[in-house]
Amino acid sequence: MAITIRPSDSAVIVFHFTKRLVLAGLALLLAVPIASAQWREDYPVLRLGVVTGPNTAYGRARVEPFRSYLEQRLGVSVEVATAVDYASLIGDQLIGRYHATFLSAAAFAAASAACSACVEPLVAPTTVEGEIGFYAVLLVTPGSAIADLEGLDGARLAVSTDDSLAGRLLPLALFAEAGVDLENLELISSRNPVAAVGRLLDGAADAALAWTSLSGDSSTGYSRGVLTQMIADGVLTMDEVVIVWTSPLIPHGPLAVLTNLPADLKSELSAAMIEMNTAAPDALAVINALGGGFVAAAADLYQPLLLLADPATLPR
């Protein structure tokens, strides 16, 4: 199993680390300009962080091919540290313990908001098909009176768990931004998006939230996602649902770097990550669970997720 988080519709939004401590350390870090010339002399050791869960020793062993590749490719010592969750990983990066971290998309948005964009996405993983993200979708049954977000007023909406990114958090935040009164929605919580769609199909809900790639053959539920899974399992056909709303692209979580790192360091690290697609497939396999490679990532890809960076905007 690869180490990176899979692009499911569930993500932990990390706002619970102490921002005051993080920002105090960050202010000291950013107060001193970092020279960009001869970065290998200034950075003889490059420190990266990745979330692996509670078994950190196993995680370090799993990422060793990646660490070794990066060390040989960059010509400096590379240390890859493991963390149990994104909160600790973000906090450590913002005080300078890590130069780069592998984050979920939601975790990157939280980190960026916590320190006024002191981190930036460098590269992001792709699927075998080259997809850089997925979409949250609002589903209804054919003939439904709900044709758009305005029709949601008073509706029974099947959603996933409280920490589900595409199955709850981001769509509700986007709905509120678009003027939907969330107080008038009856949220029907489900254990996962498949169960949420099931509530729609059995009539217990008027609409449901799910996620999909929206690429590939639509008759098979597209290339991946909830619809793809349900069709493959024989519990859904595409003529049973209608997509009436689609979120902006939800990108896969990036390798995030501190913005004040030397430009040539960031450039070489980016190139090394992208070259790994063909130069070191064994290293790639343990750091990208999606089956594809890495591509350059732009900060504006993650802009929609900043809605979740302020706890006041989170739907309750």
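Mentor: Let us begin with a definition: a salt bridge is a side-chain nitrogen of Lys or Arg within 4 Å of a carboxyl oxygen of Asp or Glu. Keep in mind that this is a predicted model, in which local features need pLDDT of at least 70 and side-chain atom pairs count only at pLDDT 80 or more, while totals for chains, interfaces and linings use all residues. Residues are numbered from 1 along each chain as its sequence is written, and side-chain values use heavy atoms, with hydrogens and water left out.

Trainee: What makes the meeting of Arg168 and Asp162 a salt bridge?

Mentor: Their side chains meet at 3.4 Å, N to O, and the cut-off is 4 Å, so the pair qualifies as a salt bridge. In general, side chains of opposite charge can pair when their charged atoms come close.

Trainee: Why is Arg168 called buried, and what is Asp162 called?

Mentor: Buried means under 20% relative accessible area, exposed means over 50%, and partly exposed lies in between, using a 1.4 Å probe and protein chains only. Arg168 has 10% relative accessibility and therefore counts as buried, whereas Asp162 has 58% and therefore counts as exposed.

Trainee: How do you know that Glu268 and Arg40 form a salt bridge?

Mentor: The closest N and O atoms of Glu268 and Arg40 are 2.5 Å apart, which is within the limit, so the pair is called a salt bridge. This pair links distant parts of the chain, with Glu268 in helix 10 (residues 263-279) and Arg40 in helix 2 (residues 39-42), 228 residues apart. Helices (H or I, at least four residues) and strands (E, at least two) are DSSP runs, numbered from the N terminus.

Trainee: Why are Glu268 and Arg40 called partly exposed?

Mentor: Glu268 has a relative accessibility of 24% and Arg40 has a relative accessible area of 33%; these values lie between the two cut-offs, so both residues are partly exposed.

Trainee: Why is Thr212 called buried?

Mentor: Thr212, which is found in strand 8 (residues 207-212), has a relative accessible area of 0%, so it is buried.
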